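Please read the points below alongside the sequence and the coordinates.

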Amino acid sequence: MSRFWSPVIQTLTPYVPGEQPQMERLVKLNTNESPYGPSPKALAAISQQNNEDLRLYPDPEGALLKKAIADLHGLDPKQVFLGNGSDEVLAHVFLGLLKQEKPVQFPDITYSFYPVYCKLFGISYEAIPLGPQFEVQVGDFKTPNGGVIFPNPNAPTGRAIPRTDIEALLRKNQDSVVVIDEAYVDYGTESCIPLLCGPNCPENLLVVHTLSKSRALAGLRVGFAVGHPSLIEGLERVKNSFNSYPLGRLAQAGAIAAIQDQAHLETTTAKVIDTRERLVSELASLGFETLPSSANFIFTRHPKHAGGKLYQALRDRGIIVRHFKSPRIEEFLRITIGTDEQSNELVAALKEILAGT
Ligand SMILES: *Cc1c(COP(=O)(O)O)cnc(C)c1O
């Protein structure tokens with residue numbers, strides 16, 4: 001605390017990301033990174049860009065990357081917005097689209113960065129309780145509102161809802177923006193991007209993606225949003241009032257190559273899904289109750305062992321998972337899906353812990 005802090009920052013409670021410990025030989029299952037490397041084509045493209053051109057500013061528009069994203073999804077480049085990670089995209093979305101007179105609505109259990117942005121930008125919000133099975137119930141979002149935002153699949157629960165539910169929400173909610181954060185969509189959820197293709201693109205749907213999870217480029221910091229060109233234009237106004245160059249040359253080059261390597265995405269996400277299903281059934285045989293996951297992580301609890309205790313016992317064995325000390329979810333652990341080998345180590349450690357050895 002310093003007397004030079006502005007009133008705005010004095011009352012902030014910043015988001016706390018999962019730790020990035022520097023110790024070696026850790027089984028790191030806490031921040032939903034991919035256990036597999038990025039596309040080798042992306043790495044090659046980054047190396048190729050690593051030259052004297054770095055003295056020059058990058059393309060402020062990221063035109064080639066926008067085109068690659070538009071081509072992949074059957075969209076117009078005018079429907080694409082880029083940011084330094086999807087967290088930056090989300091920040092601009094909160095300020096540029098969700099800061100309205102009416103409160104924005106999101107689930108009570110969701111990505112914990114949303115309320116942080118609300119506080120930063122002075123946006124009021126309503127937390128809408130998830131259903132009894134921790135599912136997003138679109139019928140519970142009430143109009144009028146200042147906008148609706150949730151991840152699909154939701155985080156940290158991993159539960160997804162079908163696209164038809166979001167279409168129903170859009171029919172009901174026509175006077176504010178609906179933002180679907182699809183950070184984990186590639187692990188088996190129906191994307192809403194097809195709704196944005198062609199002349200029937202809704203004016204109020206925005207879909208946010210990241211290259212940090214399924215494309216294994218968390219270290220490069222690239223995210224994007226797609227939607228109606230008028231929404232994108234609004235986001236560009238915020239971006240160009242904040243930072244003209246959110247994506248450097250290396251990031252743009254790597255992201256283009258990653259977006260174009262669909263085969264790498266498919267093989268690595270298939271492996272993660274396979275490991276996930278095996279882990280869920282192994283944990284079930286140890287008595288764990290796991291929510292159905294469509295993500296690269298699971299949300300699981302043991303009826304006889306407290307979440308905080310399990311978290312600490314795993315940590316003592318060099319296995320880092322995530323535990324949230326929040327109401328309704330403090331008995332749960334959020335575990336990122338790693339390689340099969342990491343999964344085996346996790347199960348072996350849990351067996352020991354449950355046996356009290
Ligand atoms: C990981 C994550 C993000 C942020 O991803 P970055 O692109 O790395 O900033 C956004 N939303 C959700 C729900 C996430 O889990």
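Predicted model: local features only at pLDDT ≥ 70, side-chain atom pairs only at ≥ 80, totals over all residues.

1. Residues are numbered from 1 along each chain as its sequence is written, and side-chain values use heavy atoms, with hydrogens and water left out.

2. The residues around the ligand (a heavy atom within 4 Å) include Gly85, Ser86, Asp87, Leu90, Tyr111, Asp181 and Arg221. Helix H4, residues 86–98, gives the most to this shell, with three residues; helices here are DSSP runs of H or I, at least four residues long, numbered from the N terminus. By class, the shell has four nonpolar, four polar and four charged residues.

3. Oxygen atoms of the ligand lie 2.5 Å from a polar side-chain atom of Tyr184, 2.6 Å from an N or O atom in the side chain of Ser212, and 3.0 Å from a backbone N or O atom of Asp87. Taken alone, the ligand exposes 390 Å², of which the protein buries 93% (Shrake-Rupley method, 1.4 Å probe).

4. The second largest pocket has a volume of about 230 Å³; a pocket is an open set of points on a 1 Å grid where a 1.4 Å probe fits, with protein on both sides within 12 Å along at least five of seven lines, and lining residues have an atom within 4 Å of a point. The largest share of its lining, four residues, comes from H8, and the lining as a whole has seven nonpolar, three polar and two charged residues.

Technical notes: Polar contact = N/O pair within 3.5 Å; in protein donor to acceptor, adjacent residues only side chain to side chain. Helix = DSSP H or I, 4+ residues; strand = E, 2+ residues; numbered from the N terminus. Nonpolar A, V, L, I, M, F, W, Y, C, P; charged D, E, K, R; others polar. Points joined across faces, edges and corners; volume = space filled by probe spheres on them.
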